[in-house]
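Please keep the sequence and the model in view.

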Amino acid sequence: MATELILIRHGNAVRVNGDYYHAPLTSIGQEQAAQTGEYFNVPQNHLDGFYSSPLRRAQETAHIIGAKIGQNAVLRSGVQEVRLNELPWLVIFEILSITDPVEDYLDARAGGPIRWPIEGRVSKVLLDIVARHPDQRVAVVAHAGVISATLSWYLPEKRWRWWRTTVSNCSLTRFRVEGNRAELLAVNDNQHLSPVVSTTQPPTKTVEIAKEAHPVEKALEFDKGSN
């Protein structure tokens, strides 16, 4: 039975003394979350499950959405942003992903349990969420790096493109998931947001460094190959 899985990037947030870990939403971020909640507060977009990263900017986004739809988000610690101690391994593993044995490993584990920085913990949570909601629609408020990691896990042949992509604040990335197979329905969908509040905020420094491990030329090569 298929599950529609929706990843929502948190709303626009402001660093406090350079700290993004405890960053609260800006007024624009609050409005983005409110408009996202209004989008889900109609019968055809009803959520059967609602989850969030425990980081402040994600929790605040989820709280505003939840107030609109009458649901409280369940916090899941595995979907927070890329951690500093994960970064060196992530860079090394992503560079190695161009080799044939590693490519075979990633292809064989697409949509299933995997040993990989960030993707390992994110996939564990998402597998559990999808299993709890067969034939339902669920949403997870998360982060830019988490969304790149999820796209790379489900669709590893384009991982260079996914890590080079930064989705907009409160954008929707949708999958139709059945077992270990996922169909990508939309990436960075922000049509539910009014243009005046649409923003694409740079991610954390850890994610920016991870992006640098994926050359632009390689991402473009994958894009050309998919046309």
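Ser123 touches Gly112, Ile114 and Trp153, leaving out residues up to four places away in sequence; contact here means heavy atoms within 4.5 Å. The model is predicted, so local features need pLDDT of at least 70 and side-chain atom pairs count only at pLDDT 80 or more, while totals for chains, interfaces and linings use all residues. Residues are numbered from 1 along each chain as its sequence is written, and side-chain values use heavy atoms, without hydrogens and water.

Ser123 belongs to helix H5 (residues 119-132), a helix being a DSSP run (H or I) of at least four residues, numbered from the N terminus. With a relative accessible area of 2%, Ser123 is buried, a term that means under 20%, whereas exposed means over 50% and partly exposed lies in between (1.4 Å probe, protein chains only). The Ser123 side chain also reaches the backbone oxygen of Gly120 at 2.9 Å.

In soluble globular proteins, nonpolar side chains tend to be buried together. A nonpolar core is a set of buried Ala, Val, Leu, Ile, Met, Phe, Trp, Tyr and Cys residues joined through side-chain atoms within 4.5 Å. The largest one has 34 residues, and Leu5, Leu126, Val140 and Tyr154 have the most contacts inside it. Helix H6 (residues 144-154) gives the most to this core, namely six residues. Beyond its neighbours within four places in sequence, Tyr154 is in contact with Leu5, Ala110, Gly111, Val130, Phe175, Val177 and Ala182. A second, separate core has 16 residues, among them Leu47, Ala58, Ile69 and Ala139.

Finally, Ile92 is found in helix H3 (residues 87-96) and is partly exposed, at 43% relative accessibility.

How values were computed. Helices (H or I, at least four residues) and strands (E, at least two) are DSSP runs, numbered from the N terminus. A polar contact is a pair of N or O atoms within 3.5 Å; within protein, one must be able to donate a hydrogen and the other to accept it, and residues adjacent in sequence count only if both atoms are side-chain atoms.
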